[in-house]
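The tour begins with the whole chain and then turns to a single side chain.

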Amino acid sequence: MSWNEFLKVEQKKAYYQTLSTFLENEEKQGKAIYPADHLRFNALQLTPLESVKVVILGQDPYHGEGQAHGLSFSVPDGVKVPPSLRNIYKELAASIDGFEAPESGNLTHWAEQGVLLLNAVLTVEKSNAGSHAKQGWETFTDNVIKHLNETQSDIIFLLWGSYAHKKGHFIDSNKHRVLKSTHPSPLSAYRGFLGCGHFSEVNEILTSFSKSKINW
């Protein structure tokens with residue numbers, strides 16, 4: 001089942017129809033919703049189901065204008081690199097030889113190499129963090145994780161922070177690899193994320209699976 005087929009199945013379910021009604025009502029009230037409609041499923045569009053090698057789970061989209069484009073932790077070219085992503089770049093520089101933090105925070109090139117950059121919630125109201133939590137997106141992304149778990153093998157899941165750790169319940173660690181740490185936000189990065197070595201470990205595991213490394 002491709003992501004398109006998966007979407008068609010989910011969109012027929014009661015929870016998804018309730019979610020769609022919520023989003024329609026928000027738009028009718030004139031609220032700005034991020035990311036733009038055509039980018040809500042950007043993570044799935046850029047990383048086809050059969051191409052997924054790594055999953056990096058975020059929480060909800062950035063809520064500043066021009067920041068969110070449907071990929072966890074990523075921002076479009078020309079947008080200031082957010083603090084969590086700066087810490088991700090710091091960890092990359094510490095664990096990957098030759099890595100230098102780019103000026104851009106656009107992680108599309110990761111997605112195109114098989115890194116599914118999935119937020120747990122796929123929309124947010126402008127300037128209102130967490131505003132679309134508990135409206136149905138969590139069920140949708142739980143089902144994404146379950147679908148990956150059931151239909152694929154040898155995926156590496158990077159779960160950063162307690163919120164992401166909860167999604168680990170749906171992952172069979174006999175079929176997949178799960179790497180956990182604290183969240184890369186400035187509030188918690190120094191309690192375990194910085195120094196976790198996940199990026200180099202991912203490439204070592206991919207090599208052991210006879211898969212190509214990620215060019216971070």
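**The whole chain**

Of the 216 residues in the protein, 52% are buried, meaning under 20% relative accessible area with a 1.4 Å probe and protein chains only as cover. The model is predicted: local features need pLDDT of at least 70 and side-chain atom pairs pLDDT 80 or more, whereas totals for chains, interfaces and linings use all residues. Residues are numbered from 1 along each chain as its sequence is written, and side-chain values use heavy atoms, without hydrogens or water.

Select the C-alpha atoms next. Along the principal axes they fill a box of roughly 50 × 35 × 25 Å.

Switch to a cartoon view. The protein shows eight helices and six strands, assigned as DSSP runs (H or I, at least four residues, for helices; E, at least two, for strands) and numbered from the N terminus. Their order from that end is α-α-β-α-β-α-α-β-β-α-β-α-β-α.

Now display the surface. The accessible area, from the Shrake-Rupley method with a 1.4 Å probe, is about 10,200 Å², and carbon and sulfur atoms hold 48% of it.

**Aspartate 142**

Select residues 137-151, which form helix α6, and find aspartate 142 within that helix. Which residues does aspartate 142 contact, leaving aside its neighbours within four places in sequence? They are Lys167 and Phe170, where contact means heavy atoms within 4.5 Å.

Finally, show the side chains of aspartate 142 and lysine 167: a polar contact of 2.5 Å joins them. Such a contact is a pair of N or O atoms within 3.5 Å, one able to donate a hydrogen and the other to accept it within protein; residues adjacent in sequence count only if both atoms are side-chain atoms.

Terms used
Buried < 20%, exposed > 50% of the residue type's maximum accessible area, 1.4 Å probe, protein only.
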